[in-house]
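This note sets out some points for a colleague who is meeting this structure for the first time. Please read them beside the sequence and the model.

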Amino acid sequence: KLTTTSTSQVALLTFAHADFGASEVLINTTAGSARHMTKLLITHDGTTAVATEYGAVFTNSELATYDVAISGTDLELRATPASVNSTVFNVVTTLLDD
């Protein structure tokens, strides 16, 4: 669980890319009574990480955008909140090894 009050990008999930080749991630985001649920599928080739937003549903508007990147030995899932209001991220992931 991560809470932020900024629109600055934050890391939601980090894992060693040498240990895991793919991930399925569910993110439940809340800001006040607004809700945003999304599912991401993530993979990489050791140099470049890619993700697709498999599904998303929200009550008013999207509360964040997501992207992935390789940073050193890690793959990072990053979120950029849409508002400076208190935004809470709850993340559940399944990591798949090579």
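1. A salt bridge is here a side-chain nitrogen of Lys or Arg within 4 Å of a carboxyl oxygen of Asp or Glu. With that definition, a search of the whole structure finds two salt bridges. The model under discussion is a predicted one.

2. Lysine 39 belongs to strand β4 and glutamate 24 to strand β3 (residues 22-31), so the pair ties together parts that are 15 residues apart in sequence. Lysine 39 counts as partly exposed, at 24% relative accessibility. Glutamate 24 likewise counts as partly exposed, at 31% relative accessibility.

3. The side chains of glutamate 76 and arginine 78 also meet in a salt bridge, at 2.8 Å from N to O. Are these two residues, glutamate 76 and arginine 78, buried or exposed? Both glutamate 76 and arginine 78 are buried.

4. Turning to the strands, an open sheet is formed by five of them, in the order β1-β8-β3-β4-β5, and the pairing is antiparallel. The edges are taken by β1 (2-4) and β5 (49-58); each has a single partner strand, so one side of each is left without a neighbour in the sheet. On average, and with direction ignored, neighbouring strands of this sheet are turned by 20° against each other.

5. Several pairings in this sheet can be followed residue by residue. β1 and strand β8 (residues 87-96) are joined in the antiparallel sense over three bridges, and threonine 4 stands opposite threonine 87 in β8. Between β3 and β8, which run antiparallel, there are nine bridges; the bridge partner of threonine 30 is valine 88 in β8.

6. How many bridges pair strand β4 (residues 34-44) with β5? There are nine bridges, and the two strands pair in the antiparallel sense. Histidine 36 stands opposite phenylalanine 58 in β5.

7. Strand β4 also holds methionine 37. This residue, methionine 37, is partly exposed, with a relative accessible area of 31%. Together with Leu26, Val57 and Val92, Met37 forms a nonpolar patch on the surface, and the accessible area of the four together is about 330 Å².

8. A further open sheet has three strands in the order β2-β7-β6, with antiparallel pairing. Its edge strands are β2 (10-16) and β6 (64-71), and each of them pairs on one side only.

9. Tyrosine 66 has alanine 79 in β7 as its bridge partner.

10. A last point concerns aromatic rings. A pair of aromatic rings is described by the distance of the centres and the angle of the planes. The structure holds one aromatic pair. Phenylalanine 15 and phenylalanine 20 form this pair, which is edge-to-face, with 6.0 Å centre to centre and 85° between the planes. Planes over 60 degrees apart count as edge-to-face, which is why an angle of 85° is described in that way. Phenylalanine 15 is buried, with a relative accessible area of 6%, whereas phenylalanine 20 counts as partly exposed at 24% relative accessibility.

Terms used. Residues numbered from 1 in each chain as written. Predicted model: local features only at pLDDT ≥ 70, side-chain atom pairs only at ≥ 80, totals over all residues. Heavy atoms only, no water. Pairing = 2+ DSSP bridges. Helix = DSSP H or I, 4+ residues; strand = E, 2+ residues; numbered from the N terminus. Axes fitted to C-alpha atoms, helices over the stretch in contact; angles between N-to-C directions. Patch = residues over 30% accessible without salt bridge, like charges linked within 9 Å, V, L, I, M, F, W, Y side chains within 5 Å. Areas by Shrake-Rupley, 256 points an atom, 1.4 Å probe, with all protein chains shown as cover. Buried < 20%, exposed > 50% of the residue type's maximum accessible area, 1.4 Å probe, protein only. Phe/Tyr/Trp six-rings, centres within 6.5 Å; stacked < 30°, edge-to-face > 60°.
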